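Here is a briefing on one protein model.

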Amino acid sequence: MTILIGNDHAGTELKNEIMKYLTDKGYEVENFGTDTKDRVDYPKIGQKVAEALAAGEGDLAILICGTGIGITLAANKVPGIRATACFDTTTAHLVREHNHANILGLGARIVGVELAKDIVASFLNAKPEGGRHQERVDMITEIEKKYNK
């Protein structure tokens, strides 16, 4: 499984920890983020990762900024992307199971490294459920199509 990862300057340290965690677990990781603390604009990183994921260059993605919110907001502008910031393990697996999220957002200024690893594991180990959840995801896709003509 290939995980795309991107970050702004606030997320560099956490990104490095998560990349090591993922590679140690056997995942292939493609880095789209910055490797320095020099200022970069998180919308550009969110867009780049989301476009790559939508194009099939990876299976899932992780985005990291100070809160995890801004970078996922940018990613969600790309058709086919369902990105959300998570701050606990329960939300992380529910967004995969119920909302079929394909990008996990992490806030480097919000969660510590060990919690972030647990959140990532919860997200990656969850599988999208069908049934009523798929029906609602389809409704989200229809809204997206309406505004992306």
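The side chains of H133 and E129 are joined by a polar contact of 3.3 Å. A polar contact here is a pair of N or O atoms within 3.5 Å; within protein, one must be able to donate a hydrogen and the other to accept it, and residues adjacent in sequence count only if both atoms are side-chain atoms. This is a predicted model: local features need pLDDT of at least 70, side-chain atom pairs count only at pLDDT 80 or more, and totals for chains, interfaces and linings use all residues. Residues are numbered from 1 along each chain as its sequence is written, and side-chain values use heavy atoms, with hydrogens and water left out.

- H133 sits in helix α6, residues 132–147. Helices (H or I, at least four residues) and strands (E, at least two) are DSSP runs, numbered from the N terminus.
- H133 counts as buried because its relative accessibility is 5%. Buried means under 20% relative accessible area, exposed over 50%, and partly exposed in between (1.4 Å probe, protein chains only).
- Leaving aside residues up to four places away in sequence, H133 touches E97, H98 and H100. Contact means heavy atoms within 4.5 Å.

- H100 belongs to the loop between α4 and β5.
- With 7% relative accessibility, H100 counts as buried.
- Most residues other than glycine have a negative phi.

- Strand β3 (residues 60–65) pairs with β5 in the parallel sense over 5 bridges. Two strands pair if DSSP finds at least two bridges between them.
- I64 stands opposite L106 in β5.
- Strand β4 (residues 83–85) also pairs with β5 in the parallel sense, over 3 bridges. A83 stands opposite I103 there.
- β4, helix α4 (residues 89–97) and β5 form a right-handed β-α-β unit. Right-handed means that, with the strands pointing away from the viewer, the path from the first strand over the helix to the second runs clockwise.

**Strands β1 and β2**

- Strand β1 (residues 2–7) and strand β2 (residues 28–31) pair in the parallel sense over 4 bridges.
- The chain crosses from β1 to β2 through helix α1 (residues 12–24), and this β-α-β crossover is right-handed.
- I5 has N31 in β2 as its bridge partner.

**Largest pocket**

- The largest pocket holds about 260 Å³ of space.
- Its lining has 13 residues, and the closest to its centre are N76, I81, R82, I140 and E144.
- A pocket is found on a 1 Å grid over the protein atoms alone, as an open set of points where a 1.4 Å probe fits, with protein on both sides within 12 Å along at least five of seven lines; lining residues have an atom within 4 Å of a point.
- Grid points are joined across faces, edges and corners, and the volume is the space filled by probe spheres set on the points.
- Which element gives the largest share of the lining? That is α6, with 3 residues.
- β4 and α6 each supply at least two lining residues.

**Helix α5**

- K117 lies in helix α5, residues 113–125. At 17% relative accessibility, K117 counts as buried.
- K117 touches E17, I18 and Y21, not counting residues up to four places away in sequence.
- E114 is also in α5. E114 counts as exposed, because its relative accessibility is 53%.

**C-alpha separations**

- E114 and H98 are 16 residues apart in sequence and 25 Å apart in space.
- K117 and E142 are 25 residues apart along the chain, and their C-alpha atoms are separated by 33 Å.
- A74 and V120 are 46 residues apart along the chain, with 20 Å between their C-alpha atoms.
- A74 is found in helix α3, residues 69–75. A74 is buried, with a relative accessible area of 16%.
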